[in-house]
2 protein chains.
Amino acid sequence: MIRHGGNIYETQRNRGIPTDELIDFSANINPLGMAPALKDALADSFEAILHYPDIEYFNLKQSIASVYGIAPEFIFPGNGAGELIFRYFRVLRPKKVLIVAPTFSEYEQAIRLAGGEVEYFQLQEDADFNLDIAALKLRLADGFDVLVLCNPNNPTGSFLPLSQLGEIVESSQHYGMQVMVDESFIDFVCEAPQQSAVQLLSENVFVVKSLTKFYAIPGLRLGFAVSFNTDVNELLNYTREPWNINALAAMAGEIILHQTDYIRESIRYVDAERVRFVEDLKKIDGLTVYPSSVNFLLLRLDERFDLCDMSEKLLQKKFLIRNASNFEFLDSRYFRIAVRKREENILLTQALKEYLVIDK
Amino acid sequence: MIRHGGNIYETQRNRGIPTDELIDFSANINPLGMAPALKDALADSFEAILHYPDIEYFNLKQSIASVYGIAPEFIFPGNGAGELIFRYFRVLRPKKVLIVAPTFSEYEQAIRLAGGEVEYFQLQEDADFNLDIAALKLRLADGFDVLVLCNPNNPTGSFLPLSQLGEIVESSQHYGMQVMVDESFIDFVCEAPQQSAVQLLSENVFVVKSLTKFYAIPGLRLGFAVSFNTDVNELLNYTREPWNINALAAMAGEIILHQTDYIRESIRYVDAERVRFVEDLKKIDGLTVYPSSVNFLLLRLDERFDLCDMSEKLLQKKFLIRNASNFEFLDSRYFRIAVRKREENILLTQALKEYLVIDK
């Protein structure tokens, strides 16, 4: 089963295509790669590997805290955002959780592992998967322990501005619910902490985010959560496993958030490139492209084509795309592609055109 | 509170001694450092960081499986041994666990987090902390769900040969108990899989081990477990968080276990150096040195001296040692030191001599 994008190793094993030859559009990683300062630091990283990481992750917390303008005690670094999502639900043990979907599948896995029950609030395709806030507020009255929102949302790319998020948080407070906001892709929208739910500073908000996408370090595993709920925080600290983050990821976290030039250039590049990419893709007959605010696009293939066949043909040209049919409410017509470098995006556009014109 | 050794970052923060100036005898890391082949691979590791790790860790499991001569399905790589210890108890949810102690404190933390109760079986100081197998077998009759053994044991350095371990496992089987054996330091005793509990191939044995000590990669976080219990294994797979191991650690794991020359030279070096180090230390009046099979030594300071004061004086000379008073059954007279390079061990011996002679 396809659970996640970016599995270039499985493609190598099953299809014999070397990982360094694949053009991976299935994982959503910053096309500019790592920040130069991080590359330099990593090149000289043997020392960091030879020692245990700082078990308190003092500098890492300070680094994040300074960017978000909050105290380090509210910050919880993790071995990827995933570790924090699993830990959050493990300590919260919610009975019933509402997830806005289609979205990232790990929320459900984490909730079920913690013994919780999941319901979905469906984003409508005919509204370009934008959230209907009024309808969501009505649904909240049904009684949930937690509301889960991915913002910007994976795989739709839709983004909810802070003011609207604030409305939802307020409504959730009214019902005594927690709100988990996953901001793993928000850095592609704006510089931190702009638009971040961290600014809502509320006891019922848990913000989690991965640093591996924007900063192009998926192999290192790094994420963090921000929580102002003292009860939750005590449990998060109590259940943390020692040295949960490796030393290179911790070192990276101390560097990357301060690379202002790299951050601005990445936002600018991805933004401009997404606009061009979408324009090109929209010209292809047989594809629907949904609006996106980030570094990936959700697309729908017309019924007269077969996504598996198309994926196969693209793979023969070394392009890996993400079949999105395992996302709740999506089916085998949907796929997701990353916004990569200009040249690569042009090549994929070309390959899609060829396939859809020839096979028509 | 001192929970673990190797916290050079805290020492830097609190005492202003730069981490690269400290001579860290408090963490138990291979004094020969990393395998040369691993250094080469890491120097060219940017590519590995830019991709998600293989979510199945296929090559890593294969690599471990081939060394231990078992199928990959029985192998569970982890973000350090710690992650596996916590996950094991989380899926097992034991009511009552017997831990042979003094030993590593994380077992108790993991068991309590999983809602279990802990009892201790005390290793006797007057038997040099060697395990009294007959007495342990009697104790097993009291009814426990799991027995936890660290072998070789941290912090005592004592080692139980496979034949004796087999006796204990048999007795545990009789009582329907699980046995968890932590072999994080066994590679210093012999080449894998010699002497490993993996060879007992039993449904009631769970073997866990860290690869960070022998292979000198504590900053990378890497460990694995071997389990032949199908029920436990299903739950271990079900509860694994995606990408639990970073890409560099996975890459390291594929390389290091096959560095036979490095492995033999490390065993030989540490073995010879420990013998010399112990001989030198035994000549110092005021110290008791306990026999050890591995790369660290447990020592006891005579009552007429003060361990905190001694640690402080050693730190002024940049030596960091591990106060062992937080280990169950040990008190403020006990400390642990790693076997480091010959030159460094001589320097520490000298510093200890100076302190104990001057302060007498």
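Over how many bridges do strand β10 and strand β13 of chain B pair, and in which sense? In this predicted model, β10 (residues 296–301) and β13 (residues 334–338) of chain B are joined by 5 bridges. Their pairing is antiparallel. Within this pair, F296(B) has A338(B) of β13(B) as its bridge partner.

The two strands belong to an open sheet of 4 strands in chain B. The strand order is β9-β10-β13-β12, with antiparallel pairing. The edges are taken by β9 (287–289) and β12 (322–323) of chain B. Each of these has a single partner strand, so one side of each lacks a neighbour in the sheet.

Two helices pack against this sheet. Helix α11 (residues 260–282) of chain B lies across β9, β10 and β13 of chain B. It runs at about 10° to β10(B). Helix α12 (residues 307–316) of chain B touches β10, β12 and β13 of chain B. The direction of α12(B) makes about 30° with that of β13(B).

Chain A also holds an open sheet, with 4 strands in the order β9-β10-β13-β12 and antiparallel pairing. Its edge strands are β9 (287–289) and β12 (322–323) of chain A. Each pairs with a single strand, so one side of each is left without a neighbour in the sheet. Between β9(A) and strand β10 (residues 296–301) of chain A there are 3 bridges, in the antiparallel sense. Here V289(A) stands opposite L299(A) in β10(A). Helix α11(A) packs on the sheet through β9, β10 and β13 (334–338) of chain A. Its direction makes about 10° with that of β10(A). Helix α12 (residues 307–316) of chain A touches β10, β12 and β13 of chain A. The angle between the directions of α12(A) and β13(A) is about 30°.

Strand β7 of chain A was examined next. Of its 6 residues, 6 are buried, so β7(A) is largely enclosed by the rest of the structure. Both of its faces are covered. On one side lie V205(A), V207(A) and K209(A), and on the other F206(A), V208(A) and S210(A). Strand β6 (residues 178–182) of chain A runs parallel to β7(A), joined to it by 4 bridges. In that pairing, V181(A) has V207(A) as its bridge partner. With β8(A), the pairing of β7(A) is antiparallel and spans 5 bridges. One bridge there links S210(A) to G223(A) in β8(A).

The loop between β7 (205–210) and β8 (223–227) of chain A carries F214(A). Its partner in an aromatic pair is Y262(A). The geometry is edge-to-face, at 6.3 Å centre to centre with 75° between the planes. Y262(A) lies in helix α11 (residues 260–282) of chain A, so the pair ties together parts that are 48 residues apart in sequence. Both F214(A) and Y262(A) are buried. They also belong to one aromatic cluster, together with F185(A), F188(A), Y215(A) and F296(A). In total, the structure holds 34 aromatic pairs over all chains. Another edge-to-face pair is formed by F104(B) and Y107(B), 5.5 Å centre to centre and with 75° between the planes. Y107(B) counts as buried because its relative accessibility is 0%, against a cut-off of under 20%.

In soluble globular proteins, nonpolar side chains tend to be buried together. The largest nonpolar core of this model has 155 residues. The members that touch the most others are L131(A), L147(A), I217(A), L131(B), L147(B) and I217(B). Leaving aside residues up to four places away in sequence, the contacts of L147(A) include L98(A), V100(A), L136(A), L140(A) and I168(A). Also touched by L147(A) are S172(A), M177(A), Q178(A), V179(A) and M180(A).

For C150(A), the nearest cysteine sulfur is that of C190(A), 14 Å away. C150(A) is buried, at 7% relative accessibility. C190(A) is likewise in no disulfide. Its relative accessible area is 8%, so C190(A) counts as buried.

Note on methods. Residues numbered from 1 in each chain as written. Chains lettered and ligands numbered in written order. Predicted model: local features only at pLDDT ≥ 70, side-chain atom pairs only at ≥ 80, totals over all residues. Heavy atoms only, no water. Disulfide = S-S within 2.5 Å. Buried < 20%, exposed > 50% of the residue type's maximum accessible area, 1.4 Å probe, protein only. Core = buried A, V, L, I, M, F, W, Y, C linked by side-chain atoms within 4.5 Å. Contact = heavy atoms within 4.5 Å. Pairing = 2+ DSSP bridges. Axes fitted to C-alpha atoms, helices over the stretch in contact; angles between N-to-C directions. Phe/Tyr/Trp six-rings, centres within 6.5 Å; stacked < 30°, edge-to-face > 60°.
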